[in-house]
Structures are given as C-alpha cells and as structure tokens.
Amino acid sequence: MSLTEVSGASTPDSTPGPERPAAEPSPARAPRRPSPLAALLVRLHFYAGVLVAPFLVVAALTGLAYTVTPQLDRILYADELTIASVGEPRPLAEQITAARAFHPEGSLFGVSPGTGEHTTRVVFALPELGDKQHTVYVDPYTAEVRGQLTTWFGSTPATTWLDDLHRHLHLGDLGRHYSEIAASWLWVLALGGIALWWRRRGGRARVRHLLVPDVSAGKGVRRTRSWHATTGVWLAVGLLVLSATGLTWSRFAGGNFAAGLDAMDAGRPALSTGLSGVPADSGGAHDHGGAPAGAADPAAFDRVEAAARTAGLDGPIEITPGEPGSAWAVAQTDNTWPVGRDQVAVDPADGTVTARLDFADWPLLAQVSALGVQAHMGLLFGVVNQVLLAALAVGLLCVIVWGYRMWWQRRPTRTDRRAYAGAPPARGGLRGLPPWVLLVGAPVTVALGWALPWFGVPLLGFLVVDAALGLAARRRGRTATPATR
C-alpha cells in the first residue's frame, strides 16, 4: 500500500471546498483525537507514500512485464527450446559432440539433458561474456543442433532483458538502488496502512469492514480512501512476500541477510565435490561461480547422468563438470511445487556417487528463502503464480493511484487558498510519544535502518525535512498577525 491515510487521520472525515455536502448534520460529539503514535504513523505513511510510490510504480510495471516471460520465451524461441516429436534419446556424448562442432570456442560449463518436448542445453563459458554464457540447443532425439542463444544462467535474452529492467533498469549497480528502496519501504507502507485502516474502521468488532469497501461513502476522499485501503488489505500478504523476497537478493539488505544466515549457520549448504586425496570443492551445482576449467570428456556425461538417475534424481537436471580430480555436480532444476532441488556428486571416472545433498536437509530459513525467490519470479506455482503476481502488480498500481487521488482531493479549493495538493497530516506525534515508546522504538528503528540501509537513509531524510518544515512554520507563526493565522 502507499497512501492509506494521506487525508490526515488527525482530522474528521470531511471533504474540502465544493465537495462538502450542502447540508451535513453536526456530529453528536467531537471527533476522537488520534494518539501520538497514530499521528506519527499517518505522517510517516504520507511522506513515504508520496515519495516512495514512484519507485513502487516502476517496480510494479516492470514486474508485471516479467510475469509473462515463460509465454514470451515459448513464442520467441520455440525453435531453440522445443521439438515437435519425441522418440528414443541419443547419448549425451553424441549431443555434446554436435554442440561442440557447432560452437568450438569456450569451456563446457554445463549440460541439461532434454526431456519430453524440451531440447538439450549445452552451455559454454567464454571470458569475454562475463557472467553470461552461450547455450547451444540440441534435439535430444536426433542430435541436431536447433540454435544458439546468449543466456544468463539459463535465462533467454528476452527474459534476461526484462529481469535486468526489473532489478536495476539496465543501469547496473546504480539502478539496483531503486528496487531496494521499493522493497525496503513496501512492507512499511503495507503494515502501516493496515494499522491505520484498522483504527479508522473500529477495531475488532468491525473486522469485516476492513475487507469490504465503504459503499455508503459519497463521492470524494472518503470513497477513494475506502477503495485504497480495502484493496491494500487484500493485497497485504502478497506485498509482504514480495518485499521480503525482493530484499533477500538486493544489494545491501541482501548482503546483510546472507551474512545473518551464515552467522546462524542457516545459509544454503554446498555440495561437496571433493574426491579422496583432493580438497573438497567449495562450490555447488547452482552457485553460479566461474566456469569449470579444463576439457570435459563427453562420454562421461552419460555415465554421470545414469548414476544420478539411479540415485533418484528425476525430472530436469543440470550436470556441471568439475575441475580435474573432483566429482561432478548433478542437481535437479524443477522449481515448480513440489520442487525438485536435490543434488549428488558423481565421480566421472566410474559413475560412483560420492556425496548427496537433499533439499529436505537444507536449513529451514534456506528452504524458505529459496522457495520465496521462486515465488517472486513466478515459477513456484506455474501459471497460477504468474496470475497472482500480475494481480498484485495491477492492484498495487490501483492503490497508488487512489493514494495520489486522495492527496489531490484534499487540496484547498477556496479562491484565497487554492493549492495543487492537500496539506500533510498534522505534526507533533513524535513529541507526544511516551518515553517508553521512544526507548524501545529508537533502537529498533536504528537496527532496521542498519539492516535495511535504503529504509534508514530515506527515513532520516523524512525526519530532516519534517524538522525543517516545522522550523519554518514556527518562524512564520512568530511573524504572522493573529488575523493571518
């Protein structure tokens, strides 16, 4: 959510200017003044909503585009990715030999055997490509090369382009700040909006009103706020998941998250690929490190695949050859629920399984993180996942538009007080907080600001701007005459 209470929770529900009803009955009692904590929350929600919402709009639009990448790949790269008929697969050695004849440069990075209607992917790493690779697609039933694409760890050029657009707008590390700002504040806006809407709608006795728009509200800010807040409540769980999973691979917060998992020994474990008398390889099948050095014997791939299948690795797999003297890693690559992420290490010389690492043996936090990333990418539940992500993106855009509309609807419309937007909610919430709230809240806020730098830096900016506005208002107040106040 972005602007649940930009209309000023500290004021009664009223619509300024010509939108006020012609004859409105006087209230039986004065409206309840908000608590200092609620006043502080609504002001923070206002600032964050107005200033962070543009980042969320970009994230929602680029994320919406990314949701259709599976279908886009099937349209753009049908010749490379799929085959029309199936039969008895040819040996991997024959398929790899055909791929090597088509692409003689580079080192063999990995092989994903084709299954069903999907082609075999033979991946080559070249120094000039950086973290990208050349993937040669081979018909597994005829060993005929179907084409070649420049990929990013399996992603096609179109998917890679849209992924880069969503993550950093094709601006590299500089662009990654935008997505981290969006992820760092999305959860704050969502939870803060729910708290403010809960307070406005009357608490536990009226829970159902949190989920149903106030259709009795007339035109104006009350109706807009009702749709804004109710839609945000429906989206809240999904938005919190997107925020958390987006932060796990962000530049700064993601690094702190990984460091925290390592400190708790809850990070993703690595498959041991060491053989007797040789130091264990620190990498895993999907750690996306550098390409293995040396030439891999194509005949060994059939031996390694057979050993992995015998060990119970079914479905799509990826075979990553290791350094000379080390085992090869074989990993399941099925990211659809229930996921297949088990791994084995196989001695390419004799096909002996030397180590095993099952997904069930990962630490719980590592499992949750991996599944959350797949859900964020729209892969975990297939088409259903894509539809849910698209609905979240569209819903978030609607919430933001309604938030800005409320800001506009609250603008003064009298001839002598016209403005393009409404005033911020009243100041003073921080000064009115009880000491114990400050004693508890200040360290928590500082800790969050350290763990999530792009939450802490903008928050500090909001406080500085707010203090400057307050100082300017007090100076104007000392020089103003009573008539102008």
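Let's start with a turn: in the hairpin of S7 and S8, four residues sit between the strands, and Gly-351 takes a positive phi near 75°. Strands here are DSSP runs of E with at least two residues, helices are runs of H or I with at least four, and both are numbered from the N terminus. S7 covers residues 343-347 and S8 covers residues 352-357; the two run antiparallel and are joined by five bridges. For the record, two strands pair if DSSP finds at least two bridges between them. Within this pairing, Ala-345 stands opposite Ala-355 of S8.

A word on ground rules. This is a predicted model, in which local features need pLDDT of at least 70 and side-chain atom pairs count only at pLDDT 80 or more, while totals for chains, interfaces and linings use all residues. Residues are numbered from 1 along each chain as its sequence is written, and side-chain values use heavy atoms, with hydrogens and water left out.

Zooming out, the chain has 13 helices and eight strands. Of its 485 residues, 45% count as buried, where buried means under 20% relative accessible area, exposed means over 50%, and partly exposed is in between (1.4 Å probe, protein chains only). Taking contacts with a separation of 6 or more, 64% are between residues 24 or more positions apart; contact means heavy atoms within 4.5 Å.

Now for the helix packing. Helix H6 (residues 173-200) and helix H7 (residues 221-248) have axes that come within 8 Å and cross at roughly 145°. Those axes are lines fitted to C-alpha atoms over the stretch in contact, with angles from 0 to 180 degrees between N-to-C directions. The H6 and H7 crossing is left-handed, meaning that the near helix is turned anticlockwise from the far one by less than a right angle (clockwise would be right-handed). Among the residues making this contact are Trp-187 and Trp-197 of H6, along with Val-233 and Leu-240 of H7. By class, the contact has 14 nonpolar, five polar and three charged residues. Here Ala, Val, Leu, Ile, Met, Phe, Trp, Tyr, Cys and Pro count as nonpolar, Asp, Glu, Lys and Arg as charged, and the others, Gly among them, as polar.

H6 also meets H13: their axes come within 8 Å and cross at roughly 75°, so the two are roughly perpendicular to each other. That label covers 65 to 115 degrees, with under 35 roughly parallel, over 145 roughly antiparallel and the rest oblique.

The H1 side includes Arg-43 and Tyr-47, which belong to a group meeting H13 residues including Phe-462 and Asp-466. This contact has eight nonpolar, no polar and two charged residues.

Finally, two single residues. His-376 lies in helix H10 (residues 364-376) and is buried, with a relative accessible area of 15%. Leaving out residues up to four places away in sequence, His-376 touches His-166, Leu-242, Thr-245, Gly-246, Trp-249 and Leu-389. Glu-105, in the loop between helix H4 (92-102) and strand S1 (107-112), is partly exposed at 44% relative accessible area. Glu-105 and Phe-124 are 19 residues apart in sequence and 7.8 Å apart in space, C-alpha to C-alpha.
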